[in-house]
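Student: Could we go through this protein together, one question at a time? I would like to see how each answer is reached.

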Amino acid sequence: MRNESAVQVELYYESLCGGCRKFLVLQLFPTWLMLNDIMNVTLVPYGNAQEKNVSGKWEFTCQHGPDECYVNTIEACIMHHLGDIQLYFPVIFCIEFSSNLTSALEPCLAAYQIDLSVKTVMDCVNGDLGNKLMHQNALKTDALNPPHEYVPWVVINGKHDDSLQEKALSALFNLICEMYTGPKPDACSGSQKGLTPLKRNSVCLN
């Protein structure tokens, strides 16, 4: 059942940006595990990439090189094929937590016993579908208002400002509990424990 008053959290990020990885692994995923009844998360892997149309196909240049474009596309394809954040968020977390992101797909799918083959993901990554998914992420990122200046760029309930960003990076759990307008879940009665606050300088500038 959809929770109409759930807090909407959109994360615009790129897969190899250290600040993005820290925020996803240390703040967003743990908060979502505890509060997913009262928050809806949207992940948009693209970040500070650039795209150009070459003979009808999109070509991408990523801030941290071709490996980042590759992992961004892997994550977009996983989200597309699994469709349900309950299935795909743990896999994305696992990839972002890995020491070698480019080879994390197979072990991360296996770790969560996900019914999605590596071949299906790679066919998407190397084919028209992956190209289209990344173009959609480019359009979403380019449509941000205000335009993003860095990543991770966090949008809460359709809004981004310095104050919200600061609160999200330092104490996302508390921010979600504070902004949720429905009856607070039991988890919100305690304060955030064990989540690592991030400093504003843990970002990748556009």
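Student: Is lysine 167 buried, partly exposed or exposed?

Tutor: Let's start with the cut-offs: buried means under 20% relative accessible area, exposed over 50%, and partly exposed in between (1.4 Å probe, protein chains only). This is a predicted model, where local features need pLDDT of at least 70 and side-chain atom pairs count only at pLDDT 80 or more, while totals for chains, interfaces and linings use all residues. Residues are numbered from 1 along each chain as its sequence is written, and side-chain values use heavy atoms, leaving out hydrogens and water. With a relative accessibility of 37%, lysine 167 is partly exposed.

Student: Which residue does lysine 167 meet in a salt bridge?

Tutor: A salt bridge here is a side-chain nitrogen of Lys or Arg within 4 Å of a carboxyl oxygen of Asp or Glu. For lysine 167 the N to O distance is 3.9 Å. The partner is exposed, at 53% relative accessibility, and it is glutamate 178.

Student: How many salt bridges does a search of the whole structure find?

Tutor: Side chains of opposite charge can pair when their charged atoms come close. One of the pairs joins aspartate 161 and lysine 159, at 3.4 Å from N to O. The search of the whole structure gives a total of four.

Student: How far apart are the closest N and O atoms of lysine 119 and aspartate 123?

Tutor: Both residues sit in helix H5 (residues 118–126), four residues apart, so about one helical turn separates them. Helices here are DSSP runs (H or I, at least four residues; strands are E, at least two), numbered from the N terminus. Lysine 119 is exposed at 58%, whereas aspartate 123 is partly exposed at 44%. Their salt bridge has its closest N and O atoms 2.7 Å apart.

Student: Which residues does glycine 130 touch, not counting those up to four places away in sequence?

Tutor: Glycine 130 belongs to helix H6 (residues 128–142). With 1% relative accessibility, glycine 130 is buried. Contact means heavy atoms within 4.5 Å, and with that rule glycine 130 touches Thr73, Cys77 and Cys124.

Student: At about what angle do helix H1 and helix H7 pack?

Tutor: Two packed helices are described by the angle between their axes and the distance between the axes. Axes are lines fitted to C-alpha atoms, for helices over the stretch in contact, with angles running from 0 to 180 degrees between N-to-C directions. For H1 (residues 18–35) and H7 (residues 162–179), the axes are 9 Å apart and the angle is about 10 degrees.
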